[in-house]
Amino acid sequence: MCRLVICDEKEKGKSGKRILTALFSYIVTFFLVLSCNYTKHLPMGEYALVRNTVKVEGVKTTQFDELIDLVRPIPNKKFMEIFPIKVSLWAYHQPKYDSIKDNTKDSKLNSWLRRIGEPPVLLDTIDLQRSINQIELAMFKLGYFDALASSEIQYLKKQKAKINYLVTKNQPYFIRNINYQIDIPEYKRIIITDTANSLLKIGRIYNEEELVAERKRIISRIKDRGYYHASDNLVTFLVDTNLAFVYLNPQNNPTLSITVKVSFEDIEDKSLIIKSINRYNFNNVLIYTHYDLSLDRNIHLDTIPYLDFRNKSDSTLYEFVTLKKIKKNSLRLKLVKDFKSRTIVGAIGMKRGDIFSQTALERTYKKIRDLRNFSIINISYHEDETLWDSINKIGTLNTVIRLTRASRHGTGGALNIQTDRTGLEYSYTNKNIFHGAEYFKIGAYGNIYYYSWLNSKITGTPTEFPFWGEIGGSVSLTFPRFLMLPKYQNINYWSYSTEIKLLGNFTQRFARLNLQAAYTYRWSPTRVLSHSVSPVELATLDSRSNRESLHFAHYPDSYKRKFDKFFLSSSKYQINYIIPQRNGRHTLNLSFSFETVGIMVNLVNRLVNKEEMWTVMKDFKYGTFEKFDINLTHVRIINKNNSFATHFAFGMAIPFVKGAVIPFERSFFVGGANSMRGWGFRQLGPGAFHSNYEIERVGDMKLELDLEYRGPIYKAFKFGVFADMGNVWLLSKYENMPNAEFNLNNFYKQIALCVGAGLRLDFNYFLVRLDYGVPLYDPSKPIGNYWINKSWTTDNLWNGLQGIQLGVNYAF
C-alpha cells in the first residue's frame with residue numbers, strides 16, 4: 001500500500017508538471033501568434049512600421065544616439081520590446097461584417113479591448129522628408145553644418161516595413177575665437193569679469209546647447225547683482241563661418257568665430273528697457289502652505305487672514321496663509337497652522353534688504369523641495385512701487401510663495417527574490433508628523449533563507465536549519481535641519497538632515513537578537529558629493545542559544561567567539577562621491593566608510609583596571625575595533641547598448657585589543673548574487689581555510705575585483721560576461737583554522753577566481769539578472785585541487801548549482 005501511495009504522489013507530480021508545461025506553451029504560442037499576424041487585416045498597399053534606425057557613418061559611440069528620438073512616426077510599443085500586445089488587441093477585435101445581413105457585428109468586449117489597444121502605426125512616406133530635415137537640423141546644432149541624411153525603406157514579410165536613416169556627418173566646425181559686444185554699461189563689468197566661468201571654450205566643437213546654457217548663465221549672473229527684469233532676449237550670439245576653411249585647426253577642421261552680444265535690440269517694450277537697468281531688493285514674504293487654485297480665483301489677498309512670523313536673524317516679515325474649506329461646496333474658510341513657521345522660513349533664501357538674486361530663488365526652490373511635503377511649488381514677485389528709491393534707482397520686491405501639499409501619509413512594500421533568500425518588506429511614512437516637515441518612517445521585513453540547504457548538499461553534511469527565517473524592523477525620524485548644530489547649517493548646501501533611527505532583527509539560525517540605535521547627520525554640499533556622520537551609534541548583539549548547539553558543532557572554538565554577546569559603542573563616517581566625467585562616456589563612483597568602536601569604553605577600562613576586560617550588562621563583551629571599507633566602481637560606456645564595468649572593494653576591521661575578535665555581523669563576507677558569483681552566500685574563505693562542513697565563512701579583511709562586459713541580445717534581453725576575484729581573511733591566527741589568516745607573503749595565492757555569464761531582462765526602471773559563475777580557482781579546496789577539474793562535477797552534481805545567482809539590478 002505504501003508503494004501505491006508513493007506511485008500516486010509521483011503521478012500527481014508528473015500531472016502537475018504536464019499542466020504547467022502546457023500552460024507555459026500556450027502562453028508562449030499566444031504571444032507568438034499575436035506577434036506574427038496582427039497585420040493580416042491591413043488593406044493591400046499598406047504597411048505597418050515596425051522599426052526605425054539611424055546610423056551615422058563612421059561612428060560607434062553614443063554621441064548621436066538621441067537622433068532616433070527625432071524620427072517620426074514612432075512604431076507601436078511592444079511588451080518586453082518583443083510582443084506587440086496592444087496593437088494585436090486592436091487588430092484582432094475589429095467589428096465583423098455579416099454579408100448575409102449586410103451589417104457589422106460588434107460586442108462590448110471587443111469595443112473595450114480596442115480601447116485599451118491601439119491601431120498599427122503605418123508607413124507614410126510624407127514623414128520621411130520631415131525626419132531627414134529634423135536629423136540634419138540636429139546635426140547642425142551639434143556643429144556638423146554640412147551633414148547630410150538619407151532614408152531607405154526596407155519592406156518585410158506580412159505587410160511590415162522598416163526605415164533606415166543614414167547620416168553622413170562630414171567635418172565638424174570648431175570655435176576659433178570668442179568676442180564680446182556689450183552695449184549695456186550696467187552689465188559690462190559683470191560679464192567681462194566672469195568670462196573665466198564661460199561655458200564656451202576655444203578649440204571645442206560648436207554646440208548650440210552650450211550657447212543656450214551660456215545665455216542662461218550670463219542672465220543668471222546679471223540677476224544675481226539685483227537686475228530682476230533682465231531677460232534671455234538681451235543675449236544673442238553671432239556665428240561667423242565666412243573664413244571657416246581659411247583658418248583650419250591643427251586637425252584640418254573648419255573653424256568659426258562667435259560674438260556674444262548683449263543689447264536691447266530685441267526688446268520692444270520701452271518700460272522693460274528702463275526696468276532692466278534698475279536694481280531690486282527683497283522685502284516681505286507671503287506664504288501659502290496649503291495653496292488651492294480654486295480659492296485664489298475667488299478671494300482677494302487683502303481680505304484673507306494670516307499669521308505673522310518674524311525671524312530673529314533678519315527683519316523680514318513672513319505672512320503665513322493656510323486656508324481650508326469648512327465644506328466642500330462652500331467658500332467658508334478657516335485659518336489653520338499645519339506647519340511650524342520656522343521650518344518654512346529656514347528654507348527661504350530671500351531676506352529683507354538683500355539684493356535680488358537668481359541664485360537665492362533657485363536655492364529656495366530646492367530647499368522647499370527637500371522638505372518632501374509639497375507637490376507644487378510656485379514662487380513669484382510683486383513690485384512694491386510705493387517703496388521705489390528714485391535717487392539710487394532701487395526697487396522693492398515682495399515674494400509670494402504658493403505651496404500645494406502632497407499626501408502626508410504613505411505606505412509601500414517590496415518583494416526581494418535572490419538566490420540565497422526571498423524577502424518581503426512593508427513601510428509606513430508620515431512626511432510632517434510634528435508639523436516641522438519631520439519625515440517619520442516605520443518599516444518591517446521578513447526573509448526566508450535557503451542557501452544553507454544547497455550548501456549542505458554540496459558538502460554532504462546535515463544542517464540544523466536548511467531553511468531559516470529572519471524578521472526585523474526599524475523606526476526612523478528625519479529632521480530637515482541639523483539638530484543642536486544650527487550654526488553649521490549652510491543654506492548653500494544641496495541638502496542636509498538629521499536622522500534618529502532604531503533598528504532590530506532576530507535571526508533564527510543563530511538565535512541572534514540585534515538591536516541598534518543611531519544618531520546621524522547627513523549633508524550634501526553638491527549633487528554629486530554626500531557625507532554622513534554618526535557621532536553616537538549603540539548596538540547589542542545577543543545570542544539566545546548555546547554555542548554548543550548542532551549548528552555550531554563543526555565550528556572551531558576560536559571561531560565561535562564571533563557569535564558571543566557584544567555591546568558596541570561606535571562613531572561612523574561615510575562619504576559618497578560621483579566623480580564627474582566631462583565627456584559623459586564614463587561614470588566613476590567612490591564610497592568610503594570608517595567606523596571606530598569601543599575607544600572610550602576601552603580607555604576608561606584601561607584607566608580603572610588594566611588586568612581585566614569589563615563586561616556590559618553582566619555578560620556582554622564590548623567590541624573594540626576600527627573598521628574601514630572602500631568601494632570604487634567605474635563604468636565605461638562603449639556605445640548605447642554596450643559597456644564595461646569595473647568594481648574594486650577593500651576593507652579591514654582591526655581589533656585594537658590583543659585577543660579581541662570582530663563580531664560576526666560586522667565581519668566581511670563574499671559570495672552570492674552580488675559578490676564572487678561562483679560561490680554561494682558567505683561560502684568563500686577565510687583565506688585558504690578548508691573544511692568539509694557547512695559553516696558561515698566571514699573574515700576581518702576583504703579584497704575583491706570584479707570585471708563585467710554588458711551588451712544586448714535582443715530587445716529587452718541583455719547579457720553579461722564577468723570575472724570575479726577576491727577573498728576574505730582573518731587578521732590573526734585562530735586555533736584549528738590553518739591558512740585562514742592574512743599573510744603578506746602568500747595572500748596572492750589565496751585569491752579566488754571565478755568566471756561566468758548571465759542573462760538580464762531590462763524593464764528600464766529595474767533589471768532582473770540571472771548569472772552563472774564557475775569557480776576556476778578555489779583556495780579553500782584541499783592542496784593540489786585548487787583549480788577546477790573533473791571532480792568538481794563528478795564527485796558531487798550539486799557543485800554545479802552553487803554558481804546560479806538570481807538578483808535584481810546589476811551586481812555593482
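**Entry 1: strands**

I began at F594 and looked up its bridge partner in β27, which is F628. The model I am reading is predicted. Next I asked how β24, residues 586-597, is joined to β27, residues 625-637. I found 12 bridges between β24 and β27, and the two strands run antiparallel.

I then turned to strand β23, which spans residues 566-579. Strand β23 is joined to β24 by 10 bridges, and this pair also runs antiparallel. Within the pairing, I noted that S571 stands opposite T596 of β24. I recorded a general point beside these strands: side chains in a regular strand alternate between the two faces of the sheet.

**Entry 2: two helices**

I looked up how helix α5, residues 185-192, packs with helix α6, residues 208-224. Their axes lie 10 Å apart, at an angle of about 115 degrees. Angles of 65 to 115 degrees count as roughly perpendicular, so α5 is roughly perpendicular to α6. The crossing of the two helices is right-handed.

Which residues meet here? From α5 I listed Y187, I190 and I191, and from α6 I listed I218, R221 and I222. I sorted the residues of this contact by kind and counted five nonpolar, one charged and no polar.

**Entry 3: the chain**

Finally I looked up values for the chain. I noted 14 helices and 33 strands. The chain has 812 residues, of which 43% count as buried. I also considered contacts between residues at least 6 apart in sequence; 67% of them join residues at least 24 apart.

Notes
Residues are numbered from 1 along each chain as its sequence is written. This is a predicted model: local features need pLDDT of at least 70, side-chain atom pairs count only at pLDDT 80 or more; totals for chains, interfaces and linings use all residues. Side-chain values use heavy atoms; hydrogens and water are left out. Axes are lines fitted to C-alpha atoms, for helices over the stretch in contact, and angles run from 0 to 180 degrees between N-to-C directions. Helices (H or I, at least four residues) and strands (E, at least two) are DSSP runs, numbered from the N terminus. Angles under 35 degrees count as roughly parallel, over 145 as roughly antiparallel, 65 to 115 as roughly perpendicular and the rest as oblique. A crossing is left-handed if the near helix is turned anticlockwise from the far one by less than a right angle, and right-handed if clockwise. Contact means heavy atoms within 4.5 Å. Ala, Val, Leu, Ile, Met, Phe, Trp, Tyr, Cys and Pro count as nonpolar, Asp, Glu, Lys and Arg as charged, and the others, Gly among them, as polar. Two strands pair if DSSP finds at least two bridges between them. Buried means under 20% relative accessible area, exposed over 50%, partly exposed in between (1.4 Å probe, protein chains only).
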